[in-house]
Amino acid sequence: MEDLLKEAQELQHKIVEWRRILHRYPETGLVLPKTADFVTKQLTAAGIAYKTYKNHSGITAVIGKGEGKTIAIRADMDGLPIKEETGLTYASANENMHACGHDAHTAMLIATAVMLKNHEDELKGKVKLIFQPAEEGPGGAEPMVKDGVIDDVDAILALHVGTMFGPFNNGDICVSYSNTTAADDQVLINITGFGGHGSVPHECIDPVAIAALIINNIQYIISREVAPAESAVITLASVEAGRGAYNIIPETAVVKGTIRNGSPVVREFVLKRIEEIATSTARMMRGNCTVQILDGYPALVNDRSVVESFLKSARKLIPEEEIHIASHGMMGGEDAAFFFQEIPGCYFFLTNGAACPADGKQYGAHHPKFCLDEDVFYRGPALFTQAAMDWLEDNR
């Protein structure tokens with residue numbers, strides 16, 4: 001127990017070093033050449049064989065020589081198309097940013113790989129490491145599932161850094177026994193009317209007015225059609241129409257938004273009702289519209305038995321008062337859900353936030369001034385290693 005925590009602490013300076021290197025060149029999407037090259041070089045240096053894939057930059061590696069079951073540990077590697085404004089000495093050197101902590105996740109999984117390799121002879125089975133691209137979109141977990149990366153896996157672990165739950169202290173962990181992140185879908189509504197001069201609206205079919213009605217009517221799904229005890233969010237965040245003129249009714253309007261649901265049943269109902277309401281409202285106003293649901297991620301639901309196993313391991317490493325059980329999930333999306341809907345797993349949160357040196361304020365994920373507290377990074381690899389070794393021992 002204490003030896004694994006000490007071993008992780010001894011790797012702390014390397015975790016910080018790896019994370020800062022990754023932070024300098026964030027890449028987005030399914031193809032992350034620099035990031036993947038860095039990860040494979042670290043695996044090679046640790047004497048760990050790995051596998052790469054044709055259509056994306058995902059990487060897998062298996063540690064363990066004996067018979068037994070296999071548990072996977074997953075980290076996402078991609079950044080966001082955000083221009084960094086932190087003022088850090090190791091800030092991004094390109095137009096992207098690791099504004100969600102995936103650089104830390106990747107560095108922690110490299111450290112976990114090193115630790116597991118050091119204890120390979122003690123493993124009562126195998127551990128598969130999954131370095132995944134495109135969590136922020138278009139989604140890298142689903143193609144990796146299709147590639148068969150979890151066909152030989154019996155359980156899975158994953159984490160996320162940040163301040164999604166709390167207020168807790170940096171280094172505390174939080175985990176839910178069931179629903180953890182919401183189903184995450186994007187909606188694109190294209191509205192077609194009939195344009196003309198703003199002085200004769202009766203001769204036109206105004207797509208802007210139709211858009212306003214659709215936006216208003218869709219919100220009734222939440223207030224009047226979804227049970228209050230259920231978790232559901234509809235945010236229509238963008239409306240695009242016209243040419244900037246004051247007196248021209250345009251031909252078309254576009255509404256974009258995000259839908260989050262905690263339950264698969266509610267998700268199916270909400271998506272169906274959005275299409276029904278949008279198309280019916282447009283027809284009522286003599287217009288037309290199409291509704292597309294894009295880049296959908298299912299809800300991530302933890303498995304109680306794997307969570308219990310993880311908590312048993314966590315209590316060997318950190319005090320009970322630094323371990324928290326979430327009473328509900330969060331409405332953020334997470335494409336690790338594609339792994340978790342295939343095999344049982346535990347997804348937990350490692351509390352982490354820091355003031356931005358640019359102004360001394362703390363910002364949440366996806367903000368250009370998002371910063372992390374590097375001092376607690378070692379806890380991620382310690383928890384992963386302990387939990388994987390214990391799970392294999394208990395499930396021989």
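The model described here is predicted. On the side of helix 2, the residues in contact are I15, W18, R19, L22 and H23. Helix 4 contributes D103, A104, T106, A107, M108, I110, A111 and V114. Sorted by class, the contact of helix 2 with helix 4 holds nine nonpolar, two polar and two charged residues.

A further partner of helix 2 is helix 3, residues 33–45, and here the axes come within 10 Å and cross at roughly 160 degrees. Helix 2 and helix 3 are therefore roughly antiparallel. Their crossing is right-handed. W18, I21 and L22 of helix 2 make this contact with T35, F38 and Q42 of helix 3. The contact of helix 2 with helix 3 comprises four nonpolar and two polar residues, with no charged residue.

The crossing of helix 3 and helix 4 is right-handed. F38, V39, Q42 and L43 in helix 3 meet T106, I110 and A113 in helix 4. By class, the contact of helix 3 with helix 4 has five nonpolar and two polar residues and no charged ones.

Eight strands form an open sheet in the order 1-2-4-3-5-16-6-15, with mixed pairing. Strand 1 (51–52) and strand 15 (323–325) are at its edges, each with a single partner strand, so one side of each has no neighbour in the sheet. Within the sheet, strand 3 (residues 70–76) and strand 4 (residues 126–132) run parallel and are joined by seven bridges. In this pairing, T70 stands opposite K126 in strand 4. Helix 3 lies across strand 1, strand 2 (59–63) and strand 4, and runs at about 15 degrees to strand 2. Helix 8, residues 304–314, also packs on the sheet, where it touches strand 5 (155–162), strand 6 (173–175), strand 15 and strand 16 (345–351). The direction of helix 8 makes about 45 degrees with that of strand 16.

A second open sheet has four strands in the order 10-12-8-13, with antiparallel pairing. Its edges are strand 10 (232–241) and strand 13 (288–297); each has a single partner strand, so one side of each is left without a neighbour in the sheet. Direction ignored, neighbouring strands of this sheet are turned by 20 degrees against each other on average. Strand 10 is joined to strand 12, residues 252–261, by nine bridges. In strand 12, R260 is the bridge partner of V233. Helix 6 (residues 207–225) lies across strand 8 (183–192), strand 10, strand 12 and strand 13, and runs at about 175 degrees to strand 10. Helix 7 (residues 264–284) packs on the sheet as well and touches strand 8, strand 10, strand 12 and strand 13. Its direction makes about 160 degrees with that of strand 13.

An annotation also covers part of the chain: an unreviewed UniProt entry places the feature "domain: Peptidase M20 dimerisation" at residues 189–281. In the model, the end C-alpha atoms of this span lie 12 Å apart, and the span is 40% helix and 30% strand.

Several loops carry backbone features of note. Most peptide bonds are trans, and most residues other than glycine have a negative phi. The peptide bond from G137 to P138 is cis, with omega near 5 degrees, and P138 lies in the loop between strand 4 and helix 5 (141–146). Another cis peptide bond joins G166 and P167, with omega about 10 degrees; P167 lies in the loop between strand 5 and strand 6. R286, in the loop between helix 7 and strand 13, has a positive phi near 70 degrees.

Conventions:
Residues numbered from 1 in each chain as written. Predicted model: local features only at pLDDT ≥ 70, side-chain atom pairs only at ≥ 80, totals over all residues. Heavy atoms only, no water. Contact = heavy atoms within 4.5 Å. Helix = DSSP H or I, 4+ residues; strand = E, 2+ residues; numbered from the N terminus. Nonpolar A, V, L, I, M, F, W, Y, C, P; charged D, E, K, R; others polar. Pairing = 2+ DSSP bridges. Axes fitted to C-alpha atoms, helices over the stretch in contact; angles between N-to-C directions. Parallel < 35°, antiparallel > 145°, perpendicular 65-115°, else oblique. Left-handed = near helix turned anticlockwise from the far one by under 90°. UniProt positions renumbered as here; feature names shortened; annotations may be inferred.
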